[in-house]
Amino acid sequence: MAVKSCRSFVNGAPWTIFVLCVLSLAKLCSGLSDDPQMTFDKLFTMGMIAYNQEDWQTCIRNMERAQDDFNFYKQTVIDCRVSCRKKFVSSKRNERSEQQIIDDLTFLKFYEQIIFESACIRKCRKSIFGERPEKVPRNTLTNFENRLAYSYLQFCYYKIGRMVDATSAAYTFFLKNPDHEDTVNNIQSYRRQYKVKDEEIIDMERKQYKVYRGEGEKAYNTGDWDKVIEHFERALQEYYLEHERCCADCEGQFEHERDPDLIHAVADHYISVLKCQVDCADNLSKIYIQHQPNYFAEHFHYLQFAYYKKKDYDRAVEATGTYLLFVPDNEDMIANKMFYKQNHGYHEAHFTPRKEALQYYERQQMMEKMLEFVNTKYVTTDEEDEDDDDDGRDSNLDSEELSNGPINGPKPDVQASYLELFERLGMRTLQGTEELKGPRFLSKGFTREGQCVEMMYMINFTEPDEKGIRQISVAEALELIKKDTEYEMALRTMLKNSEIARHYTGKFFNQTKFFIKDVKLVCRDPVDEDSGTCVPQETGACVDDTELSEDYSQDEYMSVSYLTDSDDGGIYFLDRWGRKQSSSLPGSIKCGHIVGFEASDRHGIIPSKSQRCAMVVMYTSDRRNDNPIVRKAKTYLLSLENHRSAINSSDVLQKFEREGTTVVQANEELHKKERVVADGLIDDEACSALINLAKLARSRSVSKEAVELYLNASERSRLFVEKFFNLTKPLYFDFTHLVCRTAVEGVQSGRTDPSHPVHGDNCQLDLTDGTCTRSFPAFVQRDYSAVMYLNEDFEGGEFFFAHSNTSADVTLKPKCGRIVGFNAAHLHGVNSVTKGQRCAIAMWYTLDPNFKELARTQAHKVLANLSQKEAQESRTEESTHEEL
């Protein structure tokens, strides 16, 4: 749209250029319509009408135009205020005298400035807006300030399939409304269901100072000190401009009481402005939705270290003094100051803060003092005093000896809130940047034991090289699966875990664009002694100890997810002189642990006396190096799913019917769709054998035939549920559970306590309103559930579907061979067993093959190996008999 291109130009242009743009390109810059009356509030209304009529294209067009026009309107109002204030100050600069502060005319000069600015602003707006009406209803402004248009845009984008735009619009709305649950759920749905990548999601209202700040932090992480200085200096200039604009924006409408005195009216209005302006610093200091303590001051922390690295000590000292102006008790910066004094001859007068920063500081201090007076001694007309937050926090970074140079620069922590999400999934950081002496981490809880076993199964298929190293890449694994689908889950696990590792590692390094360059599994066979000639790397390479690193660029990173346990193995990092700088904790090489670091980091590994295996992932922030083989592998796996779902459902159900399976009740008969009860799925003999298996399982003494029966019976259940509900995608087992429940001893009459309280299998039930939300920590990957009953010689234990108020809706009596299948979101429960023992196989299914039950896959492999071994023994025995 033409308006967008012009608007983006205005954002970065000086006021004079902006005026030229408006006057010479009036139709382009304000050209949402030739009709000046077609303003953002009217465009928004038209968008709402289209939304209600489900005309999604028109909805998008009008909402986009409304948002663009609102931004144009707001920028014009702010720019006029800022420009006119500067004009007045400039016009009076030569009239100032030393006596002005105590001059009796000072009070009049204040009103002179007010009148001058008012006249100037009116003229400025008129020259740009022309016949456009300026008065906008307060509620309309509030709606646009709260980004309501983006909420409608995200849905309209969604309806026409623009999923990336829908997610970005929802995210933009979320940043202003972080407690809006529907929006949060929508974002997660877009990411999960439509595979929208994190790097594709943008804040459509992102400010330029944050862009420069982010680029500066990335340069800091790579040690590009010239870029650190360039980006942080530009970030500061943009921040000053944005803060000025924020303060000007605060000078908006104010509802006075009727007929107030002049002084009261001015004071009350200014106090509302003052409260808003004091909040500007906090509002500008938000990254995502979290306020970052000392956000402005941290610019000088980065700059201090970068200037020191460039040996520009004068600017480093200036940055040190500026930082201490805002955070005077920071121990690290105090130590830096002492270092410059002792080692470079600077004295106290050199640590003078920058002029612009000092002016910013003094203005903030004055406004906060005025607000403190208002809060303690002044009563406003509307009695809407608010407590002023006092954020006295500062960062406490570990000190180094002064003789070693200034303390390391700031340690960005913007990724902390995101990493908390991984902690909710069981991941915990064991060692971080402080313990490992650099941008590195060691975490646990990354992979489960079954996932490690599955990937080990595939890597051990390969033959080791002459050094005892086995490797398999995604490309090699893909070719292997085309020949033998037994390795499918290993590749799925490899791809799934590498994607999780990409998110985790990318957020740790604060990378907004993070791509997978390579993934491979690497195993080292046991070694008795150190090779001595080179330094072994996690990638399987061996690097000469004079180089100590492979040839990696500064935008590359690495994560290593261990698959095996090793008490004697480890990883260590070296400084640039080749001395050991840090090392992993003892026993850190085990399944579930992951270590991440910059690919160019000098590191080495301590080989183990047992097999040491890991998934090694290489990342890049350069999109050009994104490896297409990962996408190719995912596409092939999807084709396998489509092939499996091609089997006609009616043919399968007819076969079940011929084998004695009968549908008893289904769907509406059970008061809801996607519910079914069927009998005869297995016979009495199979029920008895499975009940016996449940009893023997405690002693771990079970037969191969019993396990095969368990797997086959549950597989029949899965296939029946998939085909009865006529699903277009195959179902996979998420978890299977063979269990018997025995009645407790004691009086049973009158019992109302359930064996299983009412719940949904993939959602969290809110007992206050009966809603069941599909969100963590529920098993959100589960889509369907089923229970196969093995007996009926007990009392109680009935299964029931429930209403949202948890009362029973439909109650079902168990019996041998009966299966109850249903959508996993449906509420259900089980009554207590009052006599005897109730046995069943509980099954949970998923449509996502990445959550396929690995224990079942591995059980099939164990059985296959046993069968192969039995066949080999049989052939050996027959051969022996023939020889005899």
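**Figure 1. The disulfide of Cys687 and Cys816 in the predicted model.** The link between Cys687 and Cys816 is right-handed, with 95 degrees about the S-S bond. The model shown here and in the following figures is predicted. The two sulfur atoms of Cys687 and Cys816 are 2.1 Å apart, S to S. Cys687 has a relative accessibility of 2% and counts as buried. Cys816 is also buried, at a relative accessible area of 16%. By the distance rule applied to cysteine sulfur atoms, the model has nine disulfides.

**Figure 2. The disulfide of Cys740 and Cys839, between two strands.** The sulfur atoms of Cys740 and Cys839 are 2.0 Å apart and form a disulfide. This link of Cys740 and Cys839 is right-handed, with 115 degrees about the S-S bond. Cys740 belongs to strand E17 (residues 732–742) and Cys839 to strand E27 (residues 833–846); the pair therefore ties together parts that are 99 residues apart in sequence. Both cysteines, Cys740 and Cys839, are buried.

Figure 3. Cys246 and Cys280 are joined by a disulfide with an S to S distance of 2.1 Å. The torsion about the S-S bond of Cys246 and Cys280 is about -90 degrees, so this disulfide is left-handed. Helix H12 (residues 225–249) holds Cys246 and helix H14 (residues 280–284) holds Cys280, so the pair ties together parts that are 34 residues apart in sequence. Cys246 is buried because its relative accessible area of 19% falls under the 20% cut-off. Cys280 is buried as well, with a relative accessible area of 0%. Cys247 is in no disulfide: the nearest cysteine sulfur, that of Cys280, is 4.2 Å away, whereas a disulfide requires sulfur atoms within 2.5 Å.

**Figure 4. The largest nonpolar core and the surroundings of Met63.** The largest nonpolar core has 41 residues. Those with the most contacts inside this core are Phe40, Phe44, Met63, Tyr73, Phe144 and Leu153. Two or more residues each come from helix H4 (40–52), helix H5 (56–92), helix H6 (106–129), helix H7 (138–145), helix H8 (148–159), helix H9 (163–176) and helix H10 (181–193). Of these elements, H5 gives the most, with 11 residues. Neighbours within four places in sequence left aside, Met63 is in contact with Phe44, Gly47, Met48, Ala149, Tyr152 and Leu153. A second, separate core has 40 residues, among them Ile472, Leu491, Tyr504 and Phe514. In soluble globular proteins, nonpolar side chains tend to be buried together.

**Figure 5. Packing of helices H11 and H15.** Helix H11 (residues 208–222) packs against helix H15 (residues 295–309) at an angle of about 35 degrees, and their axes are 12 Å apart. The crossing of H11 and H15 is left-handed. From H11, the residues that make the contact are Tyr209, Lys210, Arg213, Glu217 and Tyr220. H15 contributes Tyr295, Glu298, His299, Tyr302 and Phe305 to this contact.

**Figure 6. The three-stranded sheet of E11, E10 and E13.** The strands form an open sheet in the order E11-E10-E13, with antiparallel pairing. E11 and strand E13 (603–606) are the edge strands, each pairing on one side only. From one strand to the next, the twist averages 30 degrees. Strand E10 (residues 570–574) and strand E11 (residues 580–583) run antiparallel and are joined by three bridges. In this pairing, Phe573 stands opposite Ser582 of E11. E10 and E11 form a hairpin with five residues between them, and Gly578 in the turn has a positive phi of about 85 degrees. E10 is joined to E13 by four bridges, again in antiparallel fashion. There, Ile571 stands opposite Ile605 of E13.

**Figure 7. The protein as a whole, for orientation among the close-up views.** The protein has 27 helices and 27 strands. Of its 884 residues, 47% count as buried. Among contacts between residues at least 6 apart in sequence, 76% join residues at least 24 apart.

Terms used
Residues are numbered from 1 along each chain as its sequence is written. This is a predicted model: local features need pLDDT of at least 70, side-chain atom pairs count only at pLDDT 80 or more; totals for chains, interfaces and linings use all residues. Side-chain values use heavy atoms; hydrogens and water are left out. A nonpolar core is a set of buried Ala, Val, Leu, Ile, Met, Phe, Trp, Tyr and Cys residues joined through side-chain atoms within 4.5 Å. Buried means under 20% relative accessible area, exposed over 50%, partly exposed in between (1.4 Å probe, protein chains only). Contact means heavy atoms within 4.5 Å. Two strands pair if DSSP finds at least two bridges between them. Axes are lines fitted to C-alpha atoms, for helices over the stretch in contact, and angles run from 0 to 180 degrees between N-to-C directions. A crossing is left-handed if the near helix is turned anticlockwise from the far one by less than a right angle, and right-handed if clockwise.
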